[in-house]
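Good morning, and thank you for the time.

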Amino acid sequence: MLDLARLRALHAVHVHGSVAAAAAALGYTPSAISQQITKLERETRTTLLERRGRGIALTEDALHLACAARELMDIVERTETTLEERRGLPTGQLSIGAFATAARGLLPAALSSLARQHPTLETRLSEVDPHVSVDLVAKGVIDLAVAHDWDIAPLPAPEGVEQAPIGDDHCDVLVPAGHPLAARPTIRRADLAHEPWICQPPGSVCHDWLVRTLRADGHEPDLRHQAAEYHTQLALVEAGLGIALIPRLGRGPLPEGIVALRLDPVPTRHLYALWRTGAARRPAITATVHALREAWADLSGRGPRP
């Protein structure tokens, strides 16, 4: 009898490409994942992983098992959905992937509410990039994703994945307190044409939005400094090294040396919850989406912070 937990570990290695990445996604240590794979190799009497350069690759037998694991996980998910639906209560485990600012600014309140209202539901949160999290939902690695997109870069939902809006997160231009624009209540994109920018690295949704938007207005952005963490960007702005466009969600109070300016039109990113179509009937999914929307409603009335 093949062990489902070991098959799930192998499937995660297949999806993520390495033992370390699979461990991070499943919430285990790399050693624990390696042990699961080793035990599965003994059970099946076959080699599942082989070295290729500095990394590893799944053998043909392993790929066959990974596909079978996906089918078995789908069966288990449908069974759990049916049982949970019959009980009418959110129960069991629910794995959630969320991008960084949502994990910091939205999920704590939502998960706390779920824990109070549904004590038999065990939620597990992982911080994941939006595009990655949607793919993980489609592949069955996580149950639900909190992701975002921008007007000029919509986030498509793959076949077999459903989505529901949570809310719209507005962004502000942050400048040092002594900046010439700091006294204006509202600014326009043309005012920012020759400013040095502090932004996220290439490949991120926020970076792509900034570059594409300014270029559409006929300006090549001066990307002076790049940092993935918003707190690092805030420190660079406070030091007078440039300006930044940062969403309000998860931003926290601004240092005294930084002023938030409203940009007209207001840059907005749209937040969504996504889950597999086969799990749409799960009370846990319905309750989590409701908790996310309620948490967002409590946050959405906040304006730019001084």
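The lining of the second largest cavity consists, by class, of 6 nonpolar, 1 polar and 1 charged residues. Here Ala, Val, Leu, Ile, Met, Phe, Trp, Tyr, Cys and Pro count as nonpolar, Asp, Glu, Lys and Arg as charged, and the others, Gly among them, as polar. A word on the source: this is a predicted model, in which local features need pLDDT of at least 70 and side-chain atom pairs count only at pLDDT 80 or more, while totals for chains, interfaces and linings use all residues. Residues are numbered from 1 along each chain as its sequence is written, and side-chain values use heavy atoms, with hydrogens and water left out.

The terms are geometric. On a 1 Å grid over the protein atoms alone, a cavity is a set of points where a 1.4 Å probe fits but cannot get out; a pocket is an open set with protein on both sides within 12 Å along at least five of seven lines; and lining residues have an atom within 4 Å of a point. Grid points are joined across faces, edges and corners, and a volume is the space filled by probe spheres set on the points.

By this rule there are 2 cavities of 30 Å³ or more. Helix α8 provides the largest share, 4 residues; helices (H or I, at least four residues) and strands (E, at least two) are DSSP runs, numbered from the N terminus.

The largest cavity holds about 70 Å³. Its lining includes Trp197, Cys206, Leu210 and Tyr230, and divides into 7 nonpolar, 3 polar and no charged residues. At least two lining residues come from each of β8 (196–199), α8 (205–216) and α9 (230–238).

The greatest contribution is that of α4, with 8 residues. By class, this lining has 16 nonpolar, 8 polar and 10 charged residues.

The second largest pocket, of about 350 Å³, has 18 lining residues, with Phe99, Ala100, Asp129, Gln200 and Ala228 nearest its centre. Which helix gives the most to this lining? That is α5, with 3 residues.
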